[in-house]
Amino acid sequence: MANGNQTEVYLSEQVIVLFSCALSLLGSSLIIFTYIIWSDLRTTPRRLLVYLSVADWLSAGSYAYGVSRVFRSDSVDCVVQGAISTFANTSSFFWTVAIAVYLYFFIVRSSQRVADSLVLSFHFVSWGVPLAITIAAVCLNKIGYDASEVSVGWCWVRIHAPDRVLWMLLTGKIWEFLAYLTLPILYILIKRHIHIAGIGNTLQGAANCTMFVLLTRPIRTRLCTALCCCCTKCRAEVHHSNEAPHSLLPEQDASNQREEDGSGRVRTDR
C-alpha cells in the first residue's frame with residue numbers, strides 16, 4: 001500500500017525488523033566479545049567468523065537505524081546509513097563465501113597451510129570490493145532515498161536513478177545471488193569428500209570435532225587433563241585392591257571370629 005510516492009511502513013513491520021536486528025546485534029556482539037576476552041580460542045576459523053560478525057553487526061545496526069527513522073526524503077544520515085548498509089551487507093556475503101572456501105581447502109584438500117595462506121586474499125576481496133563499490137555509488141550519487149519500495153524504511157539505491165536496477169545488482173543483489181550459487185557447491189563438495197573418505201553423514205560430527213575441539217588448544221588441554229585424572233584414579237583403585245585382596249567386611253570378620261571361638265571351646269571340652 002503506497003502513501004503518495006512512498007510505500008507505507010507498518011508498525012508491525014518495524015517491530016519485526018527491529019527485533020531481528022536486535023538478535024543479530026546480540027549474536028554478533030557475543031561472537032566478537034568471546035573472541036576478544038579468550039585469547040587462547042583465537043583460531044583461524046573463529047577469526048574468519050569474527051570478520052563476518054563485524055560485517056553483520058554493521059549491517060544490522062544500519063538497518064535498525066533506518067527502520068526506526070523511516071526516511072521520507074534525502075538527507076545526510078540517509079546517505080550515510082545507505083552507504084554503511086551497502087558496504088556491510090555486501091561484505092557479509094563475501095565473508096560467508098570466504099569461510100566456505102577456507103573449509104573446502106581445509107577439509108577437502110587437507111591443507112591447512114593453503115587455507116591459511118588465503119586469509120590475506122579474503123581481506124582484500126571481502127573488505128576491498130564492497131568498499132570500492134560503495135565509494136563509487138556514493139560518488140555517483142546513487143545511494144539515497146528509495147521511498148521504502150525496496151526496503152523497510154531504510155535508504156539504499158535512489159529510487160529516481162535511471163540505472164537503479166544495475167546499481168541494486170552491484171550493491172548487493174548480484175553478490176547475494178552468486179553466494180547462493182557458490183555456497184551449495186562448496187558444501188556439496190565438502191560433504192561428498194567426507195562421504196567418499198569415511199562413512200557418510202556420521203563423519204560430519206568428526207569433522208566438526210576436529211575443527212572446533214581437537215584443534216582448539218584449551219579444549220584439547222581440558223580433555224587431556226580429564227583423561228589423565230580418570231586414569232590416575234583407576235590406577236589408584238587397582239593398587240589399593242592389590243594391597244588388600246582378602247580384606248573382609250566387619251560383619252564377615254565378626255562372624256569368622258565367633259566360629260573360631262566356638263571351635264576352640266569344642267576342642268577344650270574334648
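Visitor: Which helices each supply at least two residues of the lining of the second largest pocket?

Guide: This is a predicted model. Rolling a probe the size of a water molecule over the atoms shows where empty space is left. Here, α3 and α6 (164–197) each supply at least two residues of the lining of the second largest pocket. The volume of this pocket is about 200 Å³.

Visitor: Which residues lie nearest the centre of the second largest pocket?

Guide: Nearest its centre are Y63, N89, W154, W156 and K173, out of 13 residues that line the second largest pocket. By type, the lining comprises six nonpolar, five polar and two charged residues.

Visitor: How many Å apart are the end C-alpha atoms of helix α3?

Guide: Helix α3 covers residues 76–108, and its end C-alpha atoms are 48 Å apart. At 1.5 Å a residue, its 33 residues should span 48 Å, so the two values agree. After α3 comes S110, whose phi is positive, near 55°.

Visitor: How many of the residues of α3 are buried?

Guide: An α-helix has 3.6 residues a turn, so residues three or four places apart point the same way. In this structure, α3 is mostly covered, with 24 of its 33 residues buried.

Visitor: Is S126 buried or exposed?

Guide: The cut-off for buried is under 20% relative accessible area. S126 has a relative accessible area of 1%, so it is buried. S126 belongs to helix α5 (residues 119–139).

Visitor: Which residues is S126 in contact with, leaving aside its neighbours within four places in sequence?

Guide: With those neighbours left aside, S126 is in contact with S91, F94, W95 and A98.

Key:
Residues are numbered from 1 along each chain as its sequence is written. This is a predicted model: local features need pLDDT of at least 70, side-chain atom pairs count only at pLDDT 80 or more; totals for chains, interfaces and linings use all residues. Side-chain values use heavy atoms; hydrogens and water are left out. Helices (H or I, at least four residues) and strands (E, at least two) are DSSP runs, numbered from the N terminus. The expected span of a helix is 1.5 Å times one less than its number of residues. Buried means under 20% relative accessible area, exposed over 50%, partly exposed in between (1.4 Å probe, protein chains only). On a 1 Å grid over the protein atoms alone, a cavity is a set of points where a 1.4 Å probe fits but cannot get out, and a pocket is an open set with protein on both sides within 12 Å along at least five of seven lines; lining residues have an atom within 4 Å of a point. Grid points are joined across faces, edges and corners, and a volume is the space filled by probe spheres set on the points. Ala, Val, Leu, Ile, Met, Phe, Trp, Tyr, Cys and Pro count as nonpolar, Asp, Glu, Lys and Arg as charged, and the others, Gly among them, as polar. Contact means heavy atoms within 4.5 Å.
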